[in-house]
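Please look over the structure below before reading on. This report takes it one piece at a time.

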Amino acid sequence: MSYPAILQQLARTNPQMQSIRNMMNIVKGANNPQMMLDQMAQNNPQLKQAMDVIRQCGNDPQKAFYALAEQKGVDPQAILESLK
Amino acid sequence: MDSTGITPVMPLGGDNFGGSNSFFWVFALLVLMGGGFGNWGGNNGVNALNADMQRGFDTQNLQSQTRDILGAVTSGTAETIAASTANATNAINAIKDGNASLIREFGNVETALTTLGGQFSSCCCDIKQAIAASKYESAMQMAAMEQRITSKMDANEIQNLRDQISGLQLQAATANVLRYPNSWTYNGGSFPPTAAA
């Protein structure tokens, strides 16, 4: 099974991926997504670490995502498909 | 830090969440980094998520490495096969060349033997001729010797005859010649002597 297919299967069945998608929908529906995200980062060290990575990449999350995907040798499109 | 005690994170992206896609990249980055919602909702499966994600990464890496290894093996195998084939071909050609050389050498030997055989035959003929000539000469010499011997025997007989002739001739020549006796015999007559009458 290819890696994108693995991720898609995880997105459908894995509870953690489902949680991420739920949180994403919550932030998307918030009146102030920025503040919501900041509060999440206060309570979640991993999210805070992700924010730090984004800061290192010039506050550009998209740039940070593609840079980290390239570093890990992962197909970024496969991850994006799993979050849709 | 604002009054709420929450340290705001620097604004993200150019639209500062004005758009709806900026936080999407944040969560995408979070997924890429391995999740991390262990503190949310009592999820105890974060490690499982991380493990699944890591297995996904590892699987992809293994597949890539496997492809590289297979490619190297295939290339190496092809090169090995090509090298082995080349070596075998060179060995076969070398054997063929060696065989051809041996065949030529045998041909040369056969030619030499044929020539030698011819020489032997010629030599034999020469020897036979020499023997025949020698026999002839010997025979001639023998004949000559016999002839000489025979001639010598006739000469001896002739000489004997000549000697006899000479003796006869001498005898004849001295038949009327006074000969002085070679020996004397004295005779005084009878005793007593008798008167002459």
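## Where two chains cross

In this predicted model, the axes of helix α6 (residues 76-83) of chain A and α1(B) come within 10 Å and cross at roughly 115°. Angles of 65 to 115 degrees count as roughly perpendicular. The helices α6(A) and α1(B) are therefore roughly perpendicular to each other. The crossing of α6(A) past α1(B) is right-handed.

Which residues make the contact? On the α6(A) side they are Ile79(A), Leu80(A) and Leu83(A). On the α1(B) side they are Phe24(B), Trp25(B), Phe27(B), Ala28(B), Val31(B) and Leu32(B).

The axes of α4(A) and α1(B) come within 10 Å and cross at roughly 110°. That makes α4(A) roughly perpendicular to α1(B). This crossing of α4(A) and α1(B) is right-handed.

## Helix α1 of chain B

Helix α1(B) covers residues 22-33.

Is α1(B) mostly covered or mostly uncovered? It is mostly covered, with eleven of its twelve residues buried. Among the buried residues are Phe23(B), Phe24(B), Trp25(B) and Phe27(B). Ser22(B) is buried too, and so are Ala28(B) and Val31(B). After α1(B) comes Gly34(B). The phi of Gly34(B) is positive, near 115°.

## Chain A as a whole

How many helices and strands does chain A have? It has six helices and zero strands. Starting at the N terminus, its elements run α-α-α-α-α-α.

Chain A has 84 residues, and 45% of them count as buried. Now take the contacts in chain A with a separation of 6 or more. Of these, 31% join residues 24 or more positions apart.

## Helix α5 and its partners

Helix α5 of chain A spans residues 61-72. The axes of α5(A) and α6(A) come within 9 Å and cross at roughly 125°. These two helices are therefore oblique to each other. From α5(A), Phe65(A), Tyr66(A) and Ala69(A) take part. They meet Pro76(A), Ile79(A) and Leu80(A) of α6(A). Ile79(A) and Leu80(A) also belong to the contact between α6(A) and α1(B).

Pro61(A) is ten residues from Met51(A) in sequence, and their C-alpha atoms are 8.2 Å apart. Leu68(A) also has its place in α5. Why does Leu68(A) count as buried? Its relative accessibility is 13%, and buried means under 20%. Leu68(A) and Val53(A) are 15 residues apart in sequence, with 8.9 Å between their C-alpha atoms. Leaving aside neighbours within four places in sequence, Leu68(A) is in contact with Leu29(B), Leu32(B) and Met33(B).

## Two asparagines in loops

Asn44(A) sits in the loop between α3 (33-43) and α4 (45-56) of chain A. Is Asn44(A) buried or exposed? At 0% relative accessibility, Asn44(A) counts as buried. Which backbone nitrogen does its side chain reach? The side chain of Asn44(A) reaches that of Leu47(A), at 2.8 Å.

Asn59(A) is in the loop between α4 and α5 of chain A. It is buried, with a relative accessible area of 17%. Most residues other than glycine have a negative phi. The phi of Asn59(A), however, is positive, near 60°.

Technical notes: Residues numbered from 1 in each chain as written. Chains lettered and ligands numbered in written order. Predicted model: local features only at pLDDT ≥ 70, side-chain atom pairs only at ≥ 80, totals over all residues. Heavy atoms only, no water. Helix = DSSP H or I, 4+ residues; strand = E, 2+ residues; numbered from the N terminus. Buried < 20%, exposed > 50% of the residue type's maximum accessible area, 1.4 Å probe, protein only. Polar contact = N/O pair within 3.5 Å; in protein donor to acceptor, adjacent residues only side chain to side chain. Expected span 1.5 Å × (residues − 1). Axes fitted to C-alpha atoms, helices over the stretch in contact; angles between N-to-C directions. Parallel < 35°, antiparallel > 145°, perpendicular 65-115°, else oblique. Left-handed = near helix turned anticlockwise from the far one by under 90°. Contact = heavy atoms within 4.5 Å.
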